[in-house]
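Please consider the following model, with attention to its pockets.

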Amino acid sequence: MNQEMLAKVSTGAGFIAALDQSGGSTPGALRRYGIEEDSYSGEEEMFDLVHQMRTRIITSPVFDGERILAAILFEQTMDREIDGLGSAEYLWQRKHIVPFLKVDKGLAEPADGVRLMKPVPGLDALLERALSHGVFGTKMRSLVLEADPAGIDAVVDQQFELAGRILDAGLVPIVEPEVDIHCPQKATAEELLERALLVHLDALAEDRSVVLKLTLPEADDGHRRLLAHPRVLRVAALSGGYSREEAVERLRRAEGVIASFSRALTEGLSAQMSQAEFDAALDASIEAIRAASAT
């Protein structure tokens, strides 16, 4: 394990940029970027366009390792190049930003108030490829829709089963059991989720740690016990559909939590902007999120 990356992730200032939209969420990401679905044909053109968008973000001079700890990439992004380097290699070698890789294959249909991850075939081979690209860790997302104890336990069981395999491979997992911001009993679901997470964290060996990526909580100190756990390297928050303004305000109140924003990070960016306009808008977004992550 790269010790410099480990130190940056565990103690560095800044936040995690989530640039990992996959097939299902890519059309929406492009639409928010000003590229409508009728302007491209098929998945190949779609992924070419989203790689151009991500390249524009990553190569911008304001996207820097002073304010951004790490970035989460989609598998296709890892397999592509930026300025002649693999995307993950570019992040670390040119920007000093730690690369992570999204490894889940999307969500299963709802059951027991949650959406588990779909099976992840070929995970071991994918982890080997990630290591060959200098990737430090992984991310996998589940979704909690209701405050159902059985469903939440199933989500956390699945997350930590995969996390164990990822740790065995020498990578650090980001465990992401998202609570939907529209969950009718969101605070209760967050309490149930914390309880299940603590059980699994307590069972981890002393030489194993994870990053948690969680929904911005209803209680300002809602992640206090998780932040203090010795097996937790960092607690990051997803924006979860909140506007950047609301996500930043909630994050500012969540002491010790850093951002891992996707939609809120790229909000307001457009393919039609000049480079100067694009850099200025991205800079303002990065600085607002960095400041809120510093509380």
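The dialogue below takes up the pockets one after the other.

Q: What kind of model is this, and how are its residues numbered?
A: This is a predicted model, in which local features need pLDDT of at least 70 and side-chain atom pairs count only at pLDDT 80 or more, while totals for chains, interfaces and linings use all residues. Residues are numbered from 1 along each chain as its sequence is written, and side-chain values use heavy atoms, with hydrogens and water left out.

Q: How much space lies in the largest pocket?
A: A pocket is an open set of points on a 1 Å grid over the protein atoms alone, where a 1.4 Å probe fits, with protein on both sides within 12 Å along at least five of seven lines; lining residues have an atom within 4 Å of a point. Volume is the space filled by probe spheres set on the points, which are joined across faces, edges and corners. Here the largest pocket holds about 870 Å³.

Q: Which residues lie nearest the centre of the largest pocket?
A: Of its 33 lining residues, Gln21, Ser25, Lys139, Arg141 and Glu178 lie nearest the centre.

Q: Which element gives the most to that lining?
A: Helices (H or I, at least four residues) and strands (E, at least two) are DSSP runs, numbered from the N terminus. β7 gives the most to the lining of the largest pocket, with three residues.

Q: How much space lies in the second largest pocket?
A: The second largest pocket holds about 200 Å³. Among its 16 lining residues, Ala187, Glu190, Glu191, Pro217 and Gly222 are the closest to its centre. The helix α8 (186–203) gives the most to this lining, with five residues.
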